[in-house]
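Visitor: I'd like to know what the labels on this model rest on. Can you take me through them?

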Amino acid sequence: MDNEERKKILKCDLQLLTDAHDEYLGRLLEMGAAAIEREGIRLEDNIECDMAVVHYAAYLFRKRASDNAAMPRFLRYELNNLLFAQKGGGK
């Protein structure tokens with residue numbers, strides 16, 4: 001999945017209907033991917049990694065407008081599962 005496809009999915013997740021935030025969302029996708037890689041996760045070309053990047057970018061977008069800056073539990077589990085599967089030799 002390329003960045004444009006990820007951006008479309010991210011906009012659906014955030015329920016954004018216009019292109020007003022496209023540049024910012026693109027940067028959030030890059031930032032999300034970098035943060036995930038910093039945790040030791042290899043981003044591969046599969047739906048699990050692509051959706052993890054989208055979910056992380058959505059978290060970053062929502063975090064700036066919220067008093068509660070904690071990472072959602074589902075996202076932490078998603079990242080942990082990716083990391084454990086990669087380190088354990090699983091899929």
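This is a predicted model: local features need pLDDT of at least 70, side-chain atom pairs count only at pLDDT 80 or more; totals for chains, interfaces and linings use all residues.

Visitor: How do you know whether the radius of gyration of the protein chain agrees with that of a compact globule?

Guide: For 91 residues, a compact globule would come out near 12 Å. The protein chain has 13 Å, which agrees. Its C-alpha trace spans about 40 × 30 × 20 Å along the principal axes.

Visitor: What is the order of elements in the protein chain?

Guide: From the N terminus they go α-α-α-α, so the tally is four helices and zero strands.

Visitor: Why is Arg6 called buried?

Guide: Buried means under 20% relative accessible area. Arg6 has 17%, so the label applies. Arg6 sits in helix H1, residues 3-14. Across the protein chain, buried residues make up 37% of the 91.

Visitor: What makes the pairing of Met1 and Arg6 a polar contact?

Guide: The cut-off is 3.5 Å between N or O atoms. Here the backbone oxygen of Met1 lies 3.2 Å from a polar atom of the Arg6 side chain, so the distance is within that limit.

Visitor: Which residues beyond four places in sequence does Arg6 contact?

Guide: Met1, Leu29, Asp50, Val53 and Val54.

Technical notes
Residues are numbered from 1 along each chain as its sequence is written. Side-chain values use heavy atoms; hydrogens and water are left out. Helices (H or I, at least four residues) and strands (E, at least two) are DSSP runs, numbered from the N terminus. The radius of gyration is taken over C-alpha atoms; the globule rule is 2.2 Å times the number of residues to the power 0.38. Buried means under 20% relative accessible area, exposed over 50%, partly exposed in between (1.4 Å probe, protein chains only). A polar contact is a pair of N or O atoms within 3.5 Å; within protein, one must be able to donate a hydrogen and the other to accept it, and residues adjacent in sequence count only if both atoms are side-chain atoms. Contact means heavy atoms within 4.5 Å.
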